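Biologist: Could you put the model up and talk me through the fold?

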Amino acid sequence: MGHHDVSETLDGSLTMKGVRDRVDQLRDDPDSDWSHVASGVKFETHQSFSSYNEAWEYLARKVESYEPAIAVEYKEADREALNTPKYLKLTERIKKAKFELDQLNIKLKNQLLAGKSPFIKCRSCNSKLARAHVKDTDCKVCHEDMLSPTSLARIAKGQAKLDGLVQERTELAKELNQKKGKTKWLVMGSFHS
Ligand SMILES: [Zn+2]
């Protein structure tokens, strides 16, 4: 029940007529979700997206039930074109930052759980929790994290580093897609059931 989106990636060498014909074929299959989408394809070629995800996010905001499907162009580089030394190095750094963050989380959690007193006191709500029953750093009473502000700051710093690297790689992928990518069509329709 509700709105559903259905999408299809098509070769960029197809003409608009070719795209329309292909979508008509999909719509003719009674078992396909496309059979519920209103007929016709609207083309929005005033902009080209630099990744599949960008095109997808744009279309997901645009398509409406009972309206024709919308087609946009986007660029996509194959795996090999993305694997430049810079890209691979960033991927390595992301892996390392993620590993370090995981290790930090484990270490700080174990420190919190391993104290000697039979209770752990939550800084947020002052509840005293039986240490034997505490399995995670979330307070069972107020659901705040019971780690110290210093620990939380260290985790936030690690997370920010990881997010920054991921962002950097996303930007680089966009740049490489734009430079080396092949043009493709992404068509999306929406229907109500
Ligand atoms: Zn609490």
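Modeller: Here we go through the elements, the sheet and the overall dimensions. Please keep in mind that this is a predicted model.

Biologist: How many helices and strands does the protein chain have?

Modeller: The protein chain has five helices and six strands, and from the N terminus they follow one another as β-α-β-α-β-α-α-β-β-α-β.

Biologist: What is the strand order in the open sheet?

Modeller: The four strands of this open sheet are arranged 1-6-3-2, and their pairing is mixed. The twist from one strand to the next averages 25°.

Biologist: And which strands stand at the edges?

Modeller: Those are strand 1 (3-11) and strand 2 (41-49); each has a single partner strand, so one side of each has no neighbour in the sheet.

Biologist: In which sense do strand 3 and strand 6 pair?

Modeller: Strand 3, residues 69-76, and strand 6, residues 182-192, pair in the antiparallel sense over seven bridges, and Val 72 is found opposite Leu 186 of strand 6.

Biologist: Which strands does helix 1 touch?

Modeller: Helix 1, residues 16-28, packs on the sheet and touches strand 1, strand 2, strand 3 and strand 6, with its direction at about 125° to that of strand 2. Helix 2, residues 52-62, lies across strand 1, strand 2, strand 3 and strand 6 and runs at about 165° to strand 3.

Biologist: Changing topic, what radius of gyration does the protein chain have?

Modeller: The protein chain has 25 Å, whereas a compact globule of 193 residues would have a value near 16 Å. Its C-alpha trace spans about 75 × 45 × 25 Å along the principal axes, and buried residues make up 17% of the 193 residues.

Key:
Residues are numbered from 1 along each chain as its sequence is written. This is a predicted model: local features need pLDDT of at least 70, side-chain atom pairs count only at pLDDT 80 or more; totals for chains, interfaces and linings use all residues. Helices (H or I, at least four residues) and strands (E, at least two) are DSSP runs, numbered from the N terminus. The radius of gyration is taken over C-alpha atoms; the globule rule is 2.2 Å times the number of residues to the power 0.38. A residue is buried if 20 or more other C-beta atoms lie within 10 Å of its own, exposed if 12 or fewer, and partly exposed in between; C-beta atoms are placed from the backbone. Two strands pair if DSSP finds at least two bridges between them. Axes are lines fitted to C-alpha atoms, for helices over the stretch in contact, and angles run from 0 to 180 degrees between N-to-C directions. Two residues are in contact if their C-beta atoms, placed from the backbone, lie within 7 Å.
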